[in-house]
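I opened my notebook to get to know a new structure. Here is what I looked up, entry by entry.

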Amino acid sequence: MAYFFVIIIVMTQKELIFKIRELRQIKPREDWVSLTKSQILGEESRNQSVASIFQLFFSLKPSYIGLAIVFIFFGAFGFAQSSLPGDLLYPVKKIVERSQAVFVSEKGKPQASIELANKRLEELTKIAETNQVKKIAPALEEYQASVAQVTKNLAKVTATTSDPLVIRELAESTQKLEKNKEKLEQTYGIAGLEIKEGSNPMKVLVEWLINDLEKRTLTEEQSLLFETAKKDYEAGDRFNESLEKLLFLSSPQE
Amino acid sequence: MTSLRLGLLNMANYRKEFSKIYDRYINKIYRFIFLKVNSQEIAQDLTSETFLKGWEAFEKSQNPGHNNQKVENPSAFLYQIARNLVIDHYREKGKAQLVSVEYTPIIDPKQDLEEKSLLESDIGQVRLALNDLKEDYQNVIIWHYLDDLPIREVAKMLDRTEEATRVLLHRALKSLKNEINRPQIS
């Protein structure tokens with residue numbers, strides 16, 4: 001059996017206005033308020049700082065302007081280090097990196113270029129974390145170019161060295177680079193990190209290791225593993241798997 | 001002073017000025033929209049759109065190159081944008097007829113329980129009644145009693161005389177009172 005209750009509420013005008021005013025308790029979340037503000041006026045802080053710099057610069061006496069230019073010049077180098085592809089100061093960062101590369105020996109160049117490729121991945125991570133969509137395309141281009149440079153440098157070393165230890169070290173660094181790339185792909189779902197077949201650094205290393213192992217005497221078990229590694233290499237998209245096996249085979253056996 | 005420097009300084013000043021407008025009106029505009037749409041998520045979307053459109057218009061109005069009118073009264077300007085966005089929202093979704101206040105959650109479930117119970121108990125009752133009023137009645141009550149706008153300003157925003165606005169306010173209160181005092185069956 002259903003019961004119905006009739007509720008009659010009688011309210012005076014004063015009480016009503018008081019209750020209306022209680023609706024002032026409705027407020028947006030504070031974090032949302034500040035986030036929305038930064039989204040709408042996102043350029044505020046940057047433009048304000050640029051304007052302040054201009055204001056300061058023009059208010060200086062001519063004799064200090066030269067000094068200010070020197071400070072600005074070095075300041076730009078400093079700021080450029082944290083810039084990302086697509087930023088105004090990014091070309092400065094690239095110039096600094098190139099000039100540093102001049103002082104690296106031929107032997108050290110592959111390792112240095114792997115470090116730079118890792119830097120490009122770090123930039124992509126920053127871009128993905130801060131959702132700067134417009135910068136993804138230039139950052140991917142930078143990454144692809146850096147990997148192509150790694151391959152070029154590895155090709156030079158593999159053509160001249162006969163030291164398996166050097167190749168092992170480079171292979172391990174290259175594998176770390178690959179892992180970082182995979183992590184970025186999985187975490188942020190960034191597409192376009194695939195390395196073009198011709199510029200895959202692992203391919204160069206795999207080829208060197210295959211040539212080296214073909215000259216050695218292998219046990220039956222090792223030969224089987226070697227054949228699998230070669231098949232992975234021939235497949236054209238399993239260089240990482242091939243490299244793992246070849247590194248195992250080339251490592252000093254007890 | 002070079003035109004580049006002047007331009008940069010002006011831009012920084014506009015942003016600073018609009019930043020103050022944002023801080024001053026964000027709560028009011030959010031509340032105004034929230035009371036009409038009954039959803040935290042939609043209120044947030046429409047509020048941010050209101051301020052984005054407001055900022056774009058404000059920026060243009062400061063630029064002498066554009067033949068735009070200067071924003072003289074930011075409050076009226078933002079409320080007008082908010083009103084249009086709420087109308088568009090209901091028009092687009094056809095929600096004006098479909099959504100009944102009784103079936104709409106009083107507040108977003110994400111809000112904490114304390115706030116929820118508060119709204120559902122006392123002021124929630126006023127909110128439900130307010131939601132059943134026609135748009136002009138809602139606006140006049142919100143602007144005068146919640147936002148403390150003087151009758152003169154409310155009249156301007158409604159494009160009515162002050163006397164007509166007082167009459168409207170009187171009728172709106174009466175209507176709200178009737179809604180609240182209407183016997184409820186539970």
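How are α6(B) and α8(B) oriented to each other? I kept in mind that this is a predicted model, then looked up how the pair packs. The angle between α6(B) and α8(B) is about 100°, and their axes are 9 Å apart. An angle from 65 to 115 degrees counts as roughly perpendicular, so α6(B) and α8(B) are roughly perpendicular to each other.

Next I listed who meets whom. From α6(B) I noted Asp136(B), Tyr137(B), Val140(B), Ile141(B) and His144(B). They meet Thr165(B), Leu168(B), Leu169(B), Ala172(B), Leu173(B), Ser175(B) and Leu176(B) in α8(B).

**Entry: the other neighbour**

I then turned to α7(B) and α8(B), which pack at about 95° with axes 9 Å apart. That makes α7(B) roughly perpendicular to α8(B). On the α7(B) side the contact is made by Ile151(B), Arg152(B), Val154(B), Ala155(B) and Leu158(B). On the α8(B) side I found Glu162(B), Thr165(B) and Arg166(B).

**Entry: α8(B) itself**

I looked up the helix on its own. In chain B, α8 covers residues 162-181, 20 residues in total. From first C-alpha to last it reaches 28 Å, close to the 28 Å expected at 1.5 Å a residue.

Which residues of α8(B) are buried? I wrote down Thr165(B), Leu168(B), Ala172(B), Leu176(B) and Ile180(B). They cover an arc of only 100° around the axis, so they sit on the same side of α8(B). On the face turned away from that buried side, I found the exposed residues Glu163(B), Val167(B), His170(B) and Asn178(B).

I stopped at Pro150(B), in the loop between α6 and α7 of chain B. Is Pro150(B) buried or exposed? With 11 other C-beta atoms within 10 Å, Pro150(B) is exposed, because 12 or fewer is the cut-off for that label. I also checked Pro150(B) against Glu162(B): they are 12 residues apart in sequence, and 9.8 Å apart in space from C-alpha to C-alpha.

In soluble globular proteins, nonpolar side chains tend to be buried together.

I followed up on Ile33(B). Leaving out residues up to four places away in sequence, Ile33(B) touches Ala43(B), Leu46(B), Thr47(B), Ala82(B) and Val86(B).

How many helices and strands does chain B have? I counted eight helices and one strand, in the order α-α-α-α-α-α-α-α-β. Of the 186 residues in chain B, 30% are buried.

Chain A comes to 11 helices and one strand, and from the N terminus its elements run β-α-α-α-α-α-α-α-α-α-α-α. Chain A has 254 residues, of which 24% count as buried.

For chain B I noted 60%, from residues 24 or more positions apart.

Terms used
Residues are numbered from 1 along each chain as its sequence is written. Chains are lettered from A and ligands numbered from 1 in the order in which they are written. This is a predicted model: local features need pLDDT of at least 70, side-chain atom pairs count only at pLDDT 80 or more; totals for chains, interfaces and linings use all residues. Helices (H or I, at least four residues) and strands (E, at least two) are DSSP runs, numbered from the N terminus. The expected span of a helix is 1.5 Å times one less than its number of residues. A residue is buried if 20 or more other C-beta atoms lie within 10 Å of its own, exposed if 12 or fewer, and partly exposed in between; C-beta atoms are placed from the backbone. The arc is that of the directions from the helix axis to the C-beta atoms. Two residues are in contact if their C-beta atoms, placed from the backbone, lie within 7 Å. Axes are lines fitted to C-alpha atoms, for helices over the stretch in contact, and angles run from 0 to 180 degrees between N-to-C directions. Angles under 35 degrees count as roughly parallel, over 145 as roughly antiparallel, 65 to 115 as roughly perpendicular and the rest as oblique.
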